[in-house]
Amino acid sequence: MIELVKVAFRNLMQQKVRSLLTLLGIIIGIAAIVALVSVGDGLQYAVNQQFEMLGMDKIMISPGSPKSPGFSGLAFGGRALNDRDIKIIEKVGGIETVAPMIVKSATIKMGKETIYTYVAGIPTEKKFMQMIEDMQGYKIKEGRNFMESDKYVAVIGYGVHNDLFEKKVRVREKIKINNRTFRVIGIMEKIGNPIDDYTITVPLEASKEILNTTDYSYIIVDVKDTEDVSKVADKIKQELKKDHNAEDFKLQTSEQLKDTAASILSIIQAIFVGIAAISLVVGGIGIMNTMLMAVMERTREIGVMKAIGATEKRIMSIFLTESAFVGMIGGVLGIALGSLVSFGVSHAASMYTSVAIKTIISPYLVVGALLFSMVVGIISGAYPALRAARMDPVEALRWE
Amino acid sequence: MRSIIELKNVSKIYQLGKVEVKALNNVSFSIGSSDLISIMGPSGSGKSTLLDIIGLLTKPTLGQVFVDHVPTTEMDNDQMAEIRRKKIGFIFQTFNLIPRLTALENVMLPMWFAGVPDEEKKKRATHLLEIVGLGPRINHRPTEMSGGERQRVAIARALANNPEVILADEPTGNLDSKAGEQVIDILLKLHKNEKRAVVIVTHDPSLARKAKKRIKIKDGKIVKRG
Ligand SMILES: Nc1ncnc2c1ncn2[C@@H]1O[C@H](COP(=O)(O)OP(=O)(O)OP(=O)(O)O)[C@@H](O)[C@H]1O
Ligand SMILES: [Mg+2]
């Protein structure tokens with residue numbers, strides 16, 4: 001076995017440039033897989049954490065058809081959700097709190113500047129505040145959060161504070177939202193996604209007034225007992241359907257949301273892994289080609305080895321070891337390159353988009369990629385090795 | 001004298017398109033233990049083909065080959081490889097060493113195929129290279145050696161698994177006379193001191209004369225035995 005590897009190594013070193021070119025395909029393929037899987041794992045991890053924060057005991061209801069994609073309070077069509085729906089939901093048993101939210105764009109004025117951004121209205125009673133804080137991971141960086149008695153005050157996202165206007169917006173400053181003056185009472189910490197960071201949050205009642213609406217974009221239901229979530233969700237659905245005479249709303253439990261997010265992620269990952277697989281096939285064909293060349297060039301050697309007593313199995317294993325070796329070296333370099341790319345992606349992500357993706361390169365991924373690249377090498381080398389093994393010794397010895 | 005390899009009415013026919021080439025035509029011939037045999041004949045007469053068949057590199061088209069009185073007709077490739085590994089040592093005109101391996105590794109190669117343990121492999125290969133006078137050069141590659149030295153490595157390799165028969169196809173064909181003499185010296189000593197059967201294909205009449213059994217071959221037929 002040690003000899004096999006030694007001989008294989010020597011044979012490869014003999015043709016350094018060719019070996020390297022052969023490796024290129026498999027390096028790229030493995031690198032792509034490693035990078036994509038690790039970035040994907042990182043995303044998955046980030047999503048899971050987001051849901052951990054959200055908690056698994058929530059139900060979210062938004063207007064719009066249940067078949068419309070995604071979860072958005074801005075969906076069109078269907079009857080809006082309003083206080084009547086809140087009443088209906090509150091009557092369903094097993095519920096802790098029901099929190100409505102409004103999200104809409106509005107014009108914001110500060111000094112002479114006018115800018116459009118999102119305004120969110122949230123209930124400011126203590127029990128709601130607690131829930132929303134938990135869910136969104138809102139943290140006040142400066143100033144304070146809402147109190148129940150607040151009316152025309154605003155908590156601004158980090159982006160609004162930092163760079164939405166020419167001048168930084170600070171606590172105690174005045175801004176005009178749809179021509180109504182609000183006092184900034186708090187600035188949030190950077191969250192990482194642009195929508196949250198550029199949102200201005202105000203008390204629900206104030207938002208109804210300035211946005212001129214009584215329709216809610218979301219209703220968030222906090223269920224008392226996590227085990228009851230799907231039961232409560234079914235019941236709410238049933239009641240709302242009865243009242244609306246139609247299913248013109250979208251209802252999702254945190255569990256369902258999580259599953260949706262996870263399945264979207266895994267589809268994306270599968271597509272990329274598919275692309276990587278194609279480059280591996282190309283790499284494999286490259287290995288096959290190189291090995292066929294090697295077999296031809298070493299025809300005479302094969303004849304000699306047979307003459308001095310090598311069995312077909314032995315010849316086969318010599319060439320297979322060589323191609324497995326090519327695969328493995330490609331795998332090692334591919335893993336290195338892929339890790340580099342993956343770190344680069346997470347670095348770039350945190351620098352330019354402020355989305356923190358911690359890429360994860362698990363030992364399973366490393367070992368799997370290594371085994372996989374070896375298998376690609378062996379499969380690609382199988383036919384050339386078989387040809388070598390089956391050579392007629394007399395003809396091989398007389399090969400010029 | 002015990003017969004190791006015996007050919008009975010052997011013919012080897014190559015089909016070249018519609019033309020049949022009778023490389024060997026009804027040849028019967030036997031190699032006993034401690035035989036020294038020379039084979040001579042013009043180019044294309046079938047000398048190498050005869051060695052191929054004696055060395056079990058290929059099967060005859062007609063006739064039979066016996067190894068230790070056992071017919072080889074029904075043997076598969078692996079069984080033939082095993083006999084080559086254990087009983088036969090090949091020496092070629094063009095040396096045919098593996099260029100990427102050192103002298104020592106080249107000599108160890110047949111032992112690797114035979115599954116000899118590491119320690120012993122190295123010891124024996126070193127010893128064999130000393131016998132052929134290459135003790136100080138065991139770690140050199142073939143490209144760093146002269147033709148004569150390469151052929152001596154090849155002899156050491158042929159002896160690796162202690163074969164009963166050594167088949168040498170024009171072993172001095174690519175060597176100058178001095179290097180050739182050295183090689184022949186070693187082969188003759190092997191025959192004399194170790195009682196191994198040695199078959200040498202040669203164009204050199206003076207070498208041929210040293211053999212007790214002399215064979216002349218022409219157009220695939222043995223035309224003279226002596
Ligand atoms: N694979 C083959 N296909 C067809 N004909 C072949 C093949 N191998 C050998 N021959 C023919 O068989 C005959 C004997 O060839 P062989 O190589 O045994 O001759 P030789 O006596 O060794 O000649 P030389 O002294 O030149 O080495 C030649 O006519 C050759 O052309
Ligand atoms: Mg010949």
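In chain A, the centres of domain 1 and domain 2, taken over C-alpha atoms, are 51 Å apart. Domain 1 covers 2-51 + 259-398 and domain 2 covers 80-245, with bounds from an automatic or database domain assignment. Keep in mind that this is a predicted model, where local features need pLDDT of at least 70, side-chain atom pairs count only at pLDDT 80 or more, and totals for chains, interfaces and linings use all residues. Residues are numbered from 1 along each chain as its sequence is written, chains are lettered from A and ligands numbered from 1 in the order written, and side-chain values use heavy atoms, with hydrogens and water left out.

Now head over to ligand 1. Around ligand 1 you'll find 15 residues, each with a heavy atom within 4 Å of the ligand. The closest are Ser43(B), Gly44(B), Lys47(B), Ser48(B) and Thr49(B). Chain A joins in along with chain B, so the site is shared between chains. Sorted by class, the shell has five nonpolar, seven polar and three charged residues; Asp, Glu, Lys and Arg count as charged, Ala, Val, Leu, Ile, Met, Phe, Trp, Tyr, Cys and Pro as nonpolar, and the others, Gly among them, as polar.

What about individual contacts, meaning pairs of N or O atoms within 3.5 Å? From chain B, a side-chain N or O atom of Ser48(B) lies 2.7 Å from an oxygen atom of ligand 1, and a polar backbone atom of Gly44(B) is 2.8 Å from a ligand oxygen. From chain A, Arg398(A) places a polar side-chain atom 3.2 Å from an oxygen atom of ligand 1.

How values were computed
A polar contact is a pair of N or O atoms within 3.5 Å; within protein, one must be able to donate a hydrogen and the other to accept it, and residues adjacent in sequence count only if both atoms are side-chain atoms.
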